[in-house]
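Subject: Structure handover

Hi,

Please find the structure below. My notes on what turned up follow it.

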Amino acid sequence: MPITDFNDRMLSLGLARVSEAAAHASALLIGRGDEKAADQAAVNAMREQLNMLDIKGVVVIGEGERDEAPMLYIGEEVGSGNGPEVDIALDPLEGTTLTAKDMPNALTVIAMAPRGTLLHAPDVYMDKLAIGPGYAKDIVSLDMSPSERVRALANARGVKDSDITVCILERPRHENLIEEVRSTGAAIRLITDGDVAGVIHVAEAELTGIDMYMGSGGAPEGVLAASALKCMGGQIWGRLLFRNDDERGRAAKAGITDLNRIYSRDELVTADVIFAATGVTNGSIVQGVKRQPDYLQTETILMRSKTGSIRRMIYRNPIR
């Protein structure tokens with residue numbers, strides 16, 4: 001008989017070890033200019049640690065299709081095979097360019113939930129909108145224009161439009177979005193990469209200064225971001241974007257039939273989830289890896305949606 005109980009309390013520390021191992025492995029490649037090597041180091045370490053966990057896991061958000069990725073590909077079975085059946089969403093190195101260039105907010109990221117409860121998002125773009133906790137449901141939506149979203153959030157906070165700060169991924173496709181948001185008087189925090197971190201910023205607006213995230217980015221990263229917000233509080237919506245028939249075919253392969261559906265946070269992640277992220281380079285969520293003569297030090301944020309608990313953990317690993 002398969003074990004169906006999702007023992008998130010016992011598994012959470014193991015998940016932290018997985019993200020820590022990936023961060024340690026990629027740390028030696030910070031600032032070295034080799035994105036592929038940094039990513040591969042993180043993949044190898046993450047897979048090795050995952051296979052030490054007593055789970056019967058399946059990667060639903062990973063490095064790509066089986067023919068594109070030799071390890072941590074979508075559908076790969078990981079873990080010891082003894083334990084609960086779980087879905088795993090991961091990005092062994094969110095911010096390969098950030099790592100290669102030693103820029104802020106590179107993370108190793110992983111989420112785990114009971115089997116069948118994480119959206120199997122295809123590798124396409126997703127239009128995303130996110131705000132932090134404490135707001136009424138659906139005060140903003142993807143069907144609103146960017147300027148309407150800013151005004152709605154400002155009204156909910158009881159502030160001027162100019163008091164709102166929006167995080168947007170800096171890409172040519174967002175030029176019109178950026179122009180419209182700025183027309184309201186709102187401020188914009190542009191990021192070059194790493195939109196999982198970008199979305200997480202809204203959950204701690206008092207620390208990060210970011211009230212809202214909007215724009216298109218990878219759909220798999222949308223599921224990871226939703227996992228974090230399910231633990232921290234906040235709202236996120238996502239709508240898949242398709243550029244061609246090949247991408248629509250990927251959605252069909254993932255079991256998605258309504259190509260225009262808008263997914264809420266609890267539709268992207270339908271059950272309790274645990275989430276871990278470890279800093280590779282310094283950022284506004286966690287500190288990056290610190291290299292000392294005799295040890296490496298990491299900071300990890302570990303969260304459980306069931307309890308709403310958030311732990312920040314410092315780990316020193318002796319260099320032998």
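Ile-236 is part of strand β9, which covers residues 235–241. Please keep in mind that this is a predicted model.

Is Ile-236 buried or exposed? Its relative accessibility is 2%, and buried means under 20%, so Ile-236 counts as buried. Leaving aside residues up to four places away in sequence, Ile-236 touches Leu-129, Ala-130, Val-199, Gly-222, Ala-225, Ala-226, Leu-229, Tyr-263, Ser-264, Arg-265 and Leu-268. Ile-310 sits 74 residues from Ile-236 along the chain, and their C-alpha atoms are 19 Å apart.

Next, helix α8. This helix runs over residues 219–232. It has 14 residues. From first C-alpha to last, α8 reaches 20 Å, close to the 20 Å expected at 1.5 Å a residue. Of its 14 residues, 13 are buried, so α8 is largely enclosed by the rest of the structure.

Helix α5 spans residues 175–183. Which of its residues are buried? They are Leu-177, Ile-178 and Val-181. These cover an arc of only 95° around the axis, which puts them on the same side of α5. The general rule is that an α-helix has 3.6 residues a turn, so residues three or four places apart point the same way. Exposed on the other side of α5 are Glu-175, Asn-176, Glu-179 and Ser-183. The buried residues of α5 pack against helix α4 (146–157) and strands β6 (165–169), β7 (187–191) and β8. α5 is followed by Gly-185, where phi is again positive, near 95°.

Now the largest pocket. Its volume is about 860 Å³. The lining comprises 36 residues. Which of them lie nearest the centre? Those are Asp-91, Leu-93, Thr-96, Asp-123 and Glu-221. By type, the lining divides into 16 charged, eleven nonpolar and nine polar residues. Several elements each supply at least two lining residues: α2 (35–50), β3 (85–94), α3 (96–100), β8 (212–218) and α8.

Best wishes

Terms used:
Residues numbered from 1 in each chain as written. Predicted model: local features only at pLDDT ≥ 70, side-chain atom pairs only at ≥ 80, totals over all residues. Heavy atoms only, no water. 1 Å grid on protein atoms, 1.4 Å probe; cavity = no way out; pocket = protein on both sides within 12 Å on 5 of 7 lines; lining within 4 Å. Points joined across faces, edges and corners; volume = space filled by probe spheres on them. Helix = DSSP H or I, 4+ residues; strand = E, 2+ residues; numbered from the N terminus. Nonpolar A, V, L, I, M, F, W, Y, C, P; charged D, E, K, R; others polar. Buried < 20%, exposed > 50% of the residue type's maximum accessible area, 1.4 Å probe, protein only. Arc of directions from axis to C-beta. Contact = heavy atoms within 4.5 Å. Expected span 1.5 Å × (residues − 1).
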